Amino acid sequence: MANIHPSAIVDPAAQLADSVTVGPFTTIGPNVRIGEGCSIGAHCVIEGHTTIGRDNKIFQFASLGADPQDKKYKGEPTQLIIGDRNTIREFTTFNTGTVQDKGVTQIGDDNWIMAYVHVAHDCVIGDHNVIANSVQFAGHVTVGSYTLIGGISGIHQFVRIGDFAMLGFQTRLSQDLPPFVVAAGNPAEAQNVHQEGPRRRGFSAERLTMLKKMYRALYRKGLTLEAAKAEIEQLRGQVPDADADIDKMLAFLAGAERGIVR
């Protein structure tokens with residue numbers, strides 16, 4: 001049986017695994033499911049149709065699964081789905097989705113999400129991301145994996161952030177940020193290629209060099225986006241391991257309906 005503090009209010013219909021711990025004065029609603037090994041701190045509110053995976057650590061005063069902050073929302077049973085092994089710090093607010101999109105806000109696995117982060121309706125956040133204090137995601141944002149997002153940054157609705165991208169402190173991002181690119185500023189501007197994160201993940205020196213070449217094609221040669229994509233395509237086959245990175249970049253650029261950070 002879950003270890004629930006006597007002062008917590010857990011609806012009898014909620015489904016908590018036996019190894020879940022719930023801190024004092026926390027409230028958990030009827031449509032909540034929480035997996036093995038999760039730790040829920042004091043004064044949290046977990047409501048809505050919320051599913052939380054295994055081994056997540058949720059700190060005090062988090063609000064998960066509240067209604068989306070969208071005037072079109074009319075009480076539909078939309079969802080929040082959180083994966084495994086995430087750290088979710090104090091005063092975070094994650095809302096459920098809307099029927100105007102896919103109806104789900106989704107957080108992947110192994111994310112480190114710091115205090116006061118807001119994840120709005122219909123956002124999709126991948127795996128192994130580090131999201132610093134007070135980052136604010138508007139609705140319908142998509143974040144890849146292994147990103148670093150600096151504190152007090154604001155992400156415009158429908159923006160996409162690619163794998164291994166890095167966003168500097170206090171940045172306003174209103175266009176898509178391609179994979180492996182560092183951006184900062186208000187508004188955001190591309191600064192450099194992100195190499196440290198990929199290096200820590202075992203990218204070879206040759207593969208890192210290919211990341212530099214893609215970055216130069218996008219940002220240093222004065223090319224149009226179509227010309228840059230053509231040049232990146234020509235990099236295939238030079239470093240076999242890097243072809244997957246080229247595929248990732250070109251797929252991202254193909255979907256850049258809002259344009260990319262310049």
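Trainee: Which residue is the bridge partner of Val-143 in strand 24?

Mentor: Val-143 pairs with Ile-161 there. Keep in mind that this is a predicted model.

Trainee: What holds paired strands together, in general?

Mentor: Strands of a sheet pair through backbone hydrogen bonds, and the pairing is either parallel or antiparallel. Here, strand 21 (residues 142-143) and strand 24 run parallel, joined by two bridges.

Trainee: Which strands form the open sheet, and in what order?

Mentor: Eight strands form it, in the order 3-6-9-12-15-18-21-24. Their pairing is parallel.

Trainee: Which strands stand at the edges?

Mentor: Strand 3 (15-16) and strand 24 (160-161). Each has a single partner strand, so one side of each lacks a neighbour in the sheet.

Trainee: How many bridges join strand 8 to strand 11?

Mentor: Two bridges link strand 8 (residues 45-46) with strand 11 (residues 63-66), and the strands run parallel. Val-45 stands opposite Ser-63 of strand 11.

Trainee: How many bridges pair strand 11 with strand 14?

Mentor: Three, in the parallel sense, with strand 14 covering residues 93-95. Ala-66 has Asn-95 of strand 14 as its bridge partner.

Trainee: Now a loop. Where does Asp-84 lie?

Mentor: Asp-84 sits in the loop between strand 12 (79-82) and strand 13 (87-88).

Trainee: Which residues does Asp-84 touch, leaving out those up to four places away in sequence?

Mentor: Gly-53, Arg-54, Asn-56, Gly-108, Asp-109 and Asp-110. Take Asp-109: it is 25 residues from Asp-84 in sequence, yet their C-alpha atoms are 4.7 Å apart in space.

Conventions: Residues are numbered from 1 along each chain as its sequence is written. This is a predicted model: local features need pLDDT of at least 70, side-chain atom pairs count only at pLDDT 80 or more; totals for chains, interfaces and linings use all residues. Side-chain values use heavy atoms; hydrogens and water are left out. Helices (H or I, at least four residues) and strands (E, at least two) are DSSP runs, numbered from the N terminus. Contact means heavy atoms within 4.5 Å. Two strands pair if DSSP finds at least two bridges between them.
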